[in-house]
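Q: Please take a close look at one part of this model for me: a strand pair. Then set the pockets beside it.

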Amino acid sequence: MAQVGIRPQLMPSERVLALHDLYRTYNSFSAFQPELAELLQQGNLLDESVAVSQMLGFLEPLTGEHVPPEALQIQGPNYRESLVANGLLSRNRAVLRVLEQTCGSLESLVQLDVYVVEALSSFALWMRRHLGAARLTCSEFLEDAELATSEVLHQDLCALTFPDSSFDVVLCNELFEHVPQLELAFREIARVLRPGGRLVATCPLAFGQVDSILKAQYDPVTHQTELLGDPERHGDPIRPVGGSLVYRIPGWDVLDQLRAAGFAAAQMHHIASWKYGVLGSDLPGVLVIEAKR
């Protein structure tokens, strides 16, 4: 796909310089809401911020590798999804940035047992390349898969087969919106994490409200799904034709759900940084969920 051309300025504006490395943490919507209007205004600076990355490149979180401008691909105006380098999207680098803050270094992360709830994505490939196979587990949900995946580990996030306290870190990218029983999945993730372990995740978020937006409901007794409107499906590497049904767009209530599931703490990070190649869409950056066991 052709790159989107943005003319870089010789010197970034003062407002863009403020997005050099913005990293804020919120424990609730009430803490985030007073800053929302300012953040939406900063969203108007995204094109100029991308132009800086096109001119200078950026540093990949965790590895510290400099990504030169010619290695950066821009595949559309939603920079959360379209800013691609080394196989990673902007939201993937946001996850790495949180891991960098919590684990300290790639060398420290390699010493931990990590579970990535995806196996066929570019992010999973990146993790295999940098962490190796010894302490890394990757899986997919394979029910109704459209592609042959005999070599991929199948796991249902609502009924994980791992023993208690199996992992130090669980990573979930763009998955929570597709889980029929999200509260049950949160309890399972808490169960397989060791004390002090962390969940780090991204998903589409209704960031301007507390309540999740329900799209479909699953009945665990009848195993039937009731649509609450027109069905919404997202692209899925193992379901390239049908995609994956969206059950909800989580709101800030996701933090309370995580605490109720057994996590000692849950928070949301907003990261916007042309230095690290983390830029967003409506917001200047990417929201990342973190919960500590």
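A: Two strands pair if DSSP finds at least two bridges between them. The model is predicted, so local features need pLDDT of at least 70 and side-chain atom pairs 80 or more, while totals for chains, interfaces and linings use all residues. Numbering starts from 1 along each chain, and side-chain values use heavy atoms, without hydrogens or water.

Take β11 (residues 216–219) and β12 (residues 224–227). They run antiparallel, joined by four bridges. Q217 in β11 faces E226 in β12 across the pair. The two strands make a hairpin, with four residues between them. H223 sits in that turn, and its phi is positive, about 60°. Strands are DSSP E runs of at least two residues; helices are H or I runs of at least four.

Now the pockets (open sets of 1 Å grid points where a 1.4 Å probe fits, with protein on both sides within 12 Å along at least five of seven lines; lining residues have an atom within 4 Å of a point). Helices α5 (90–103) and α7 (122–131) each supply at least two lining residues, as do strands β13 (233–234) and β14 (244–245).

The second largest pocket has about 300 Å³. Volume here is the space filled by probe spheres set on the points. This second pocket is lined by 16 residues, with R80, C203, P204, L205 and F207 closest to its centre. Both α4 (79–82) and β17 (286–292) give its lining at least two residues each.
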